[in-house]
Amino acid sequence: MAPRITGKASAPDSRLRFDPLALGLEPFPRAFYLLDTTRVARTIVGAWLARRHGNHWYGARIVETEAYLGSTDAAAHSYRGRRTPRVEPMYLEGGHLYVFFVYGMHCCANVVTQPAGIAEAILLRAAEMTGQAPANLLSGPGKLCAALGINISHSGLDLLADCDVRLFQPRKEKVRVGVSRRIGVDYAGDAAAWPLRFFDMDSDAVSGPAKLRAKQ
DNA sequence: CACATGATCGCCT
DNA sequence: GGCGATCATGTGG
């Protein structure tokens, strides 16, 4: 049986090297991931996504997210309770990772929220590593996964366990968070217009048309 | 800026 | 068999 296609090589971009411990970053507690999904999506703007590869850590500061609200959200993979092997990680307890493969060449990473059995998640759309990497390296969900070497093999991982992908709280800073409709879900009817996309208004790494970068 | 298109293939109906 | 939670590139205004 041929190995499953994962979309990208697993090595992260060397420019994303960093040390979460030296920076004093702290992980989110489990309870955080059980809060309202929309609120979690907003709070994650400014948080740090980290990936371990070999003896090193690589990471970036998240600057754009989208909330997907489960069975009642026509844009969500779990719409109407759809439950297939691919989507299964969305049904795990909040704090797990859900990664899917699309368009034959890209992976997209999500942070699962809510108690086990409620399939809501937050798509990580863009991130930055100012001063170390160009602003366009992680400016889009597919590019974010490619740069950090995140692929299907990471789907289902627990961000709070001793595994290779982690999420840390933002450092003390105030982030101006803009809101807009979600990108790439025009097929979802009314849900396509829901204001569930959140982004750092002061970041150059946010993806999507400039039209959707104005505040609320 | 707005569209339009090709690449590429797993997933679901 | 059709399409997608994308991206890069191309055209035209």
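This is a predicted model: local features need pLDDT of at least 70, side-chain atom pairs count only at pLDDT 80 or more; totals for chains, interfaces and linings use all residues.
## Aromatic pairs, a hairpin and a covered helix

Both F18 and W48 are buried.

The rings of F18 and W48 form a stacked aromatic pair, with 5.9 Å from centre to centre and 20 degrees between the planes. This pair links distant parts of the chain, since F18 lies in the segment before α1 (37-43) and W48 lies in strand β1 (residues 48-53), 30 residues apart. A second pair is made by F28 and F32: their planes are at 10 degrees and their centres 4.0 Å apart, so this pair is stacked. F28 and F32 are both buried. Together with Y33, the residues F28 and F32 form one aromatic cluster. In total, the model has 5 aromatic pairs. The two described here are set out in the table.

| Aromatic pair | Centre to centre | Angle between planes |
|---|---|---|
| F18 and W48 | 5.9 Å | 20 degrees |
| F28 and F32 | 4.0 Å | 10 degrees |

Aromatic rings also meet charged side chains. R83 lies over the face of Y91, 4.2 Å from the ring centre. At Y68, the charged end of R182 sits over the ring, 4.7 Å from the ring's centre.

Strand β3 (residues 97-102) has 6 residues, of which 5 are buried, so the strand is largely enclosed by the rest of the structure. Its pairing with strand β4 (residues 106-113) is antiparallel and runs over 6 bridges. One of the residues involved is L97, whose bridge partner in β4 is V111. The hairpin formed by β3 and β4 has 3 residues between the strands. In that turn, Y103 has a positive phi of about 55 degrees.

Which residues of α2 are buried? They are P141, G142, L144, C145, A147 and L148. The cover over these buried residues includes the strands β1, β2 (56-68), β4 and β5 (120-128). Just after the helix, G149 takes a positive phi of about 70 degrees.

Key:
Residues are numbered from 1 along each chain as its sequence is written. Chains are lettered from A and ligands numbered from 1 in the order in which they are written. Side-chain values use heavy atoms; hydrogens and water are left out. Buried means under 20% relative accessible area, exposed over 50%, partly exposed in between (1.4 Å probe, protein chains only). Helices (H or I, at least four residues) and strands (E, at least two) are DSSP runs, numbered from the N terminus. Two strands pair if DSSP finds at least two bridges between them. Rings of Phe, Tyr and Trp (its six-membered ring) pair if their centres lie within 6.5 Å; planes under 30 degrees apart count as stacked, over 60 as edge-to-face and the rest as tilted. A charge sits over a ring if NZ of Lys or CZ of Arg is within 6 Å of the ring centre and within 35 degrees of the ring normal. Contact means heavy atoms within 4.5 Å.
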